[in-house]
Amino acid sequence: MTDFLNFDLCRTANLVSSGELSAVELTTASINRAEALQPKLNSFISLEKDEALEAAENIDKRLQKGERIGSLAGIPLAHKDMFYRNGKVTTCGSKIRSKFKGDRTSTALSRLEKAGALYLGGLNMSEFAVGPIGNNVHYGDCFNPWNQEHTPGGSSSGSGAAVASRTVYGALGSDTGGSIRIPSAMCGVVGIKPTQTRVSRFGLMPLSFSFDCSGPLTRTVRDAARIMHIIAGHDRNDPTSSQRKVQDYETECKKEVASMRLGIPSNYFYDDLDTEVDRLLQETRKIFKDLKVEIVSVDVPSHDYINLIWAAALAAEASTIHRKWLRERPNDYGPMVKRRIEFGLYQPATRYLEALTLREKYLRNYCDTVFSKCDALLTPTMPVVAPRYQDLDVGGGEGMPALVLMLSRNTRPISYLGLPALSVPCGFSSKGLPAAFQLIGRPFSEGKLFRLGNAYQNATEWHNTIPEIVK
Amino acid sequence: MSAITSDFIKLVASIWHRFSLENEEAETLTNMLAPMDDAGEQVSSSIGFDLEPSDYSQALEELGDEEELG
């Protein structure tokens with residue numbers, strides 16, 4: 001009897017806290033599912049069975065003594081394998097760091113552990129968090145739980161697959177241009193890229209210090225709100241993290257959405273949309289209308305330059321971090337990843353600084369133009385559903401830049417601006433692959449995004465649909 | 001139009017970064033860089049004299065959702 005693996009995080013946490021379900025029983029079921037699905041999905045890079053079970057036993061003992069632990073007591077989570085754990089191997093999905101042991105524990109992981117969460121293992125990911133596809137030449141490709149011929153999206157591929165396959169109740173991912181939102185959309189789970197500076201980056205493998213964010217992938221919006229409430233907030237180990245007070249996001253979920261305003265972009269985001277994704281987005285709009293949310297049309301500033309200067313700045317930072325290895329170990333990178341990092345070596349410093357300097361101007365313009373008219377934008381997270389692996393150019397050839405741009409066209413401008421964005425599944429294509437919408441808000445408006453996303457999930461059932469692979 | 005060429009990229013690789021590039025690799029990188037170079041050229045004229053990257057952090061806080069502050 002492992003039906004509880006299909007429950008959401010909040011419901012399961014209540015069962016554990018009330019003693020109706022032991023953390024050991026839950027963790028054992030989670031490990032069994034991880035092992036059973038590993039040959040099919042390849043979600044995990046490492047599975048820490050003994051450690052997780054020992055921690056679960058400890059949680060059960062503490063609960064039996066009447067100790068109050070935290071809102072994630074006994075909940076099995078696993079995370080993209082780039083959150084450092086002091087003295088433990090964190091591969092970053094790479095050959096180069098296959099034996100790397102961090103000298104610190106990520107603040108996000110420490111906070112989750114303090115709330116009682118269990119660490120089940122390190123999840124598959126695109127090498128060094130580069131790439132929206134989910135392939136990995138070193139640890140094997142990760143596969144989509146809804147159809148294993150299709151990509152789960154990246155770079156937080158294992159996070160999307162492990163949550164969608166009901167193996168774990170939530171997983172942290174990282175997002176520099178869409179790496180939480182893309183696998184969330186392709187795998188049919190919820191994912192949030194928080195406001196830049198909302199979550200500490202301490203102990204997170206760097207790709208681009210200007211754009212890196214971490215956040216949760218979960219089955220429901222409320223689950224994501226619970227995890228975000230735990231990991232968000234200032235951290236003295238990351239001086240760039242915001243000092244702003246963190247809202248109780250779960251309480252925000254319960255608030256009324258009637259009379260909130262949702263903006264539908266009249267340009268860019270709905271261009272070149274797959275017809276099935278378009279249909280599902282139209283149905284999403286109807287749901288929000290039924291919820292008495294006001295729908296308004298909004299012209300958004302041009303994203304064309306933003307996309308390009310974002311890529312230039314990201315590559316400049318990534319190539320600075322990787323320069324030593326690009327010279328000494330070029331053959332230890334996958335071809336696509338190496339190409340996307342190394343082009344930063346050929347840009348003048350002035351281009352890089354221009355991209356960062358203009359960020360303030362673009363952000364102010366965006367907030368003035370867009371968020372003076374609405375509380376949040378409603379866009380497709382991606383213009384398509386998950387493609388098949390065999391249809392993708394994953395070798396770093398001529399077609400690669402266009403492929404990357406197509407998959408991340410709706411996510412990367414938001415990373416440049418540093419705005420929060422919540423991806424929520426909104427139905428399935430005729431081939432049974434998930435589609436998703438993205439809610440984008442002004443800085444630090446995560447609470448409003450959770451409120452809107454939760455209201456949508458309360459009115460729909462998509463998040464309760466379970467992939468065939470675990471039925 | 002960007003004037004970046006694969007010969008230029010090969011030169012930068014050897015002089016600034018001390019490694020050599022194959023022709024095909026340099027060609028691919030040139031094609032990736034060209035649109036970014038063009039975009040950078042287009043936007044660079046809009047940079048104000050007194051602006052600097054850290055202005056962004058301040059803007060992020062200033063423009064933040066007021067409801068969150070309670």
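B:Arg18 is found in the loop between α1 (6-16) and α2 of chain B, where helices (H or I, at least four residues) and strands (E, at least two) are DSSP runs numbered from the N terminus. The model is predicted: local features need pLDDT of at least 70, side-chain atom pairs count only at pLDDT 80 or more, and totals for chains, interfaces and linings use all residues. Residues are numbered from 1 along each chain as its sequence is written, chains are lettered from A and ligands numbered from 1 in the order in which they are written, and side-chain values use heavy atoms, with hydrogens and water left out.

**Backbone features in loops**

- Most residues other than glycine have a negative phi, and most peptide bonds are trans.
- B:Arg18 has a positive phi, near 60 degrees, and counts as exposed at 58% relative accessibility (buried means under 20% relative accessible area, exposed over 50%, partly exposed in between, with a 1.4 Å probe and protein chains only).
- A:Asn42, in the loop between α2 (23-41) and β1 of chain A, also has a positive phi, near 55 degrees, but counts as buried at 14% relative accessibility.
- The peptide bond from A:Gly154 to A:Ser155 is cis, with omega near 10 degrees; A:Ser155 lies in the loop between β3 and α5 (157-164) of chain A.

**The sheet of chain A**

- Three strands form an open, mixed sheet in the order β1-β3-β2; two strands pair if DSSP finds at least two bridges between them.
- β1 (44-47) and β2 (76-80) of chain A stand at the edges with a single partner strand each, so one side of each has no neighbour in the sheet.
- From one strand to the next, the twist averages 35 degrees (axes are lines fitted to C-alpha atoms, for helices over the stretch in contact, and angles run from 0 to 180 degrees between N-to-C directions).
- Helix α3 (residues 49-64) of chain A packs on the sheet, touching β1 and β3 of chain A, and its direction makes about 160 degrees with that of β3(A); contact means heavy atoms within 4.5 Å.
- β2(A) and β3 (residues 118-123) of chain A run parallel and are joined by 4 bridges; A:Lys80 has A:Leu123 in β3(A) as its bridge partner.

**The largest pocket**

- The largest pocket is lined by 33 residues, and A:Trp310, A:Ala311, A:Arg340, A:Val404 and A:Arg412 lie nearest its centre.
- α10(A) supplies the largest share of the lining of the largest pocket, 7 residues.

How values were computed. 1 Å grid on protein atoms, 1.4 Å probe; cavity = no way out; pocket = protein on both sides within 12 Å on 5 of 7 lines; lining within 4 Å.
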